[in-house]
Amino acid sequence: MRFTMGPVYYENGNFTFEKGSKTGKTMAQAILNAHGKNKIRFDALISHDITYVGIIQTARASGMKEFPLPYAFTNCHNSLCAVGGTINADDHAFGQSAAKKYGGVYVPRNLAVIHQYAREQMAFCGGMILGSDSHTRYGALGTLGIGEGGPELVKQLLNNTYDFPKQPEIVLVYLTGAPRKGVGPHDVALLMCKEVYEKGLFKNRILEFAGPGVGNLSMDFRIGVDVMTTETACLSSVWETDEKTRAYFAAHGRADKFKCMTPEDGCMYDAVMEIDLSEIEPMIALPFHPSNAFAIRQLNETPMDVLREAEKAAHLDGELISRWTDKGLYADQFVIAGCAGGLYENLVSAASILDGASAMDMTVYPASVPVEHALIESGALSKLISCGAVLKPCFCGPCFGAGDVPKNMGLSIRHTTRNFPFREGAKPGEGQKAFVALMDARSIAASAKNGGYITGADTVSYEKPAEKMYAFNASSYEKRVENHVGKPDKAAELVFGPNIADWPEFSGMEEDLRFTVASVLLDEVTTTDELIPSGETSSYRSNPMRLSEFALSRRDPEYAKYAKSLRDSGVYSAVCAKCPGDGSAREQAASCQRVLGGIANIAVSYATKRYRANLINWGIVPFVCESVDGFQKGDEIEIKGFREKLIRGEREFTALVSGKDQVTLSLPALTEKEAEILMDGCLMNHYRKGGEKK
């Protein structure tokens, strides 16, 4: 892989650094221009059952009467959580009633994971979909998918726009060659993450995949790479479309949704990443990030070098090295699941590689019931089960810690999207520690076949399945999905459970801004899973007060209690961190701080655009400071005349720390509209005041 800054120009299927006579548009530019350019109106929205209740509650409180665009609710996150009594089913009943009342689509539990449903039923060439999940990526189908926090969906539900101060930069990902046998989409994605994540090469940019290598990839392969672009910190992605794309839409009964898409001659990119697919080999991403990736060959040839480097990146001390034996690195558990792993070709390939051998402790989660149906018809599912693999429903749990939690100090290898700390479900507060390594389904199957020792699929003999579009059977959707788009029943009543609570009232910005530092996090990056844990908290997503009790529980167990005590004393609080917000789009990473009385964050930078947007939409000021090392818990910070300065357009402020020291806090790139939301106290308040169209 090679990354080169531009400008880069595209002409006749090739890229050049020389500007020619033609001036065209990239695929992304054409799509953005058709949707408002810098003020975007999406074609559709999609959410799952961790996020849709809060979004609907926010939109109701802001004046929404019906959905102005198609909005689908899938039930693939809370559906198997085993805590909270009736809470999960109550959320689903609320979503079902909301789809009927406001005119949405309701996809019952375990019928499809969120992104597979969107691929099969919603994506179309040239479209844009906004989802309340960070892995909202449908670029392989010609759709710009963007994952954001719930308030950004609320804006769309109130006929407002998703705004860019300027159009995002666009990177050409130029593919050549073809993957070798044993190499799958996760291998390409993990190597890409390794090359770009820490350097920030793709951060908040749009990726465009083009070049002769695209035609050498099946649709499932493209989809598997595309969904993982989220882990590069990019904003979105889109691919050239071709006859394979046409066949995908036709096979799903949506032939009219296809159109040929390719970069126009003379279009300009801000950078280019060249990838020769034939050079990629099976990869493993060791804890605790998809970018902590190494070739499996390298791991097995120089294990101590690789494991020491991986442990240094993960801040571990011998835990991975202790799992090395004379036969290799041993894994206890094998999982192929979700929007990245549970695709038809991945599971067919795993079945072919196992070829009757023991699957050991393997679980498989097909991405949708139609995919499961096709696996049954092909015989692949029977092969997997006969090897000892356990079939699970269409559920996202292994991606966020709500299913298949490994044993203490166990190593689970997974074809899922993330391996962040404790995202596998372990509870560090109770002394539990476990690890997830990401691998492609093919190498997972090869490792299981080799007795649990990490093995690249390129080293085992197997019959590679022929590239074949799975036979899509829509009968389960036809019988169970409720589609009320364009037919809202305004007389219908919402169904509330005892744990579904309204948002508390939030006050507007006061003239002087005063707050106390409630937590200081000095990790290089703080993920949203550390700001608000996934997994065990899922059942409380619809109750802001109860959920807020889990805020920072994995990183600073005293934070929630301390922030709440400040709030109850009439004092606002703040969190200081070097670079918070990597990972999930879940708005609760911000809203929980607000519920506990949070009014500000202070950071050197913010890991993602979506986390910064979540803070603003919940009335939390996203300050930037040169360093947070000097802040301490209990510091009292004051900015005199903050509100008036914000109104005047000032974006740099002198703050007094504990009555004696001065520090400069800034708000780079804060727009006038964002300033208005902060002054009103949150997005809901802003809409109640009539700040934008309703």
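**Helix pairs and cores**

Mentor: Start here: helix α6 crosses helix α7 in a right-handed way. This is a predicted model, where local features need pLDDT of at least 70 and side-chain atom pairs count only at pLDDT 80 or more, while totals for chains, interfaces and linings use all residues. Residues are numbered from 1 along each chain as its sequence is written, and side-chain values use heavy atoms, leaving out hydrogens and water.

Trainee: Why are α6 and α7 called roughly parallel?

Mentor: Look at the angle. The axes of α6 (residues 185–196) and α7 (residues 219–227) cross at roughly 30° and come within 8 Å. Angles under 35 degrees count as roughly parallel, over 145 as roughly antiparallel, 65 to 115 as roughly perpendicular and the rest as oblique. Therefore α6 and α7 are roughly parallel.

Trainee: Which residues make the contact of α6 with α7?

Mentor: Contact means heavy atoms within 4.5 Å. From α6 come Pro 185, Val 188, Ala 189 and Met 192; from α7, Phe 221, Gly 224 and Val 225. Six of the contact residues are nonpolar, one is polar and none is charged.

Trainee: Why are α2 and α3 called oblique?

Mentor: Helices α2 (residues 52–61) and α3 (residues 87–102) pack at about 45°, with axes 10 Å apart. That angle puts them in the remaining class, so α2 and α3 are oblique to each other. Their crossing is left-handed.

Trainee: What makes α5 mostly covered?

Mentor: Count the buried residues. Buried means under 20% relative accessible area, exposed over 50%, partly exposed in between (1.4 Å probe, protein chains only). In α5 (residues 150–157), eight of its eight residues are buried. Among them are Gly 150, Leu 153 and Lys 155. Just after α5, Asn 159 has a positive phi of about 65°.

Trainee: How many residues of α4 are buried?

Mentor: Seven of the eight in α4 (residues 114–121), so by the under 20% cut-off this helix too is mostly covered. Tyr 117 and Arg 119 are among the buried ones.

Trainee: Which residues touch the most other members of the largest nonpolar core?

Mentor: Phe 623 and Phe 631, in a core of 203 residues. Such a core is a set of buried Ala, Val, Leu, Ile, Met, Phe, Trp, Tyr and Cys residues joined through side-chain atoms within 4.5 Å. Helix α12 (residues 344–354) gives the most to this core, with seven residues.

Note on methods
Axes fitted to C-alpha atoms, helices over the stretch in contact; angles between N-to-C directions. Helix = DSSP H or I, 4+ residues; strand = E, 2+ residues; numbered from the N terminus. Left-handed = near helix turned anticlockwise from the far one by under 90°. Nonpolar A, V, L, I, M, F, W, Y, C, P; charged D, E, K, R; others polar.
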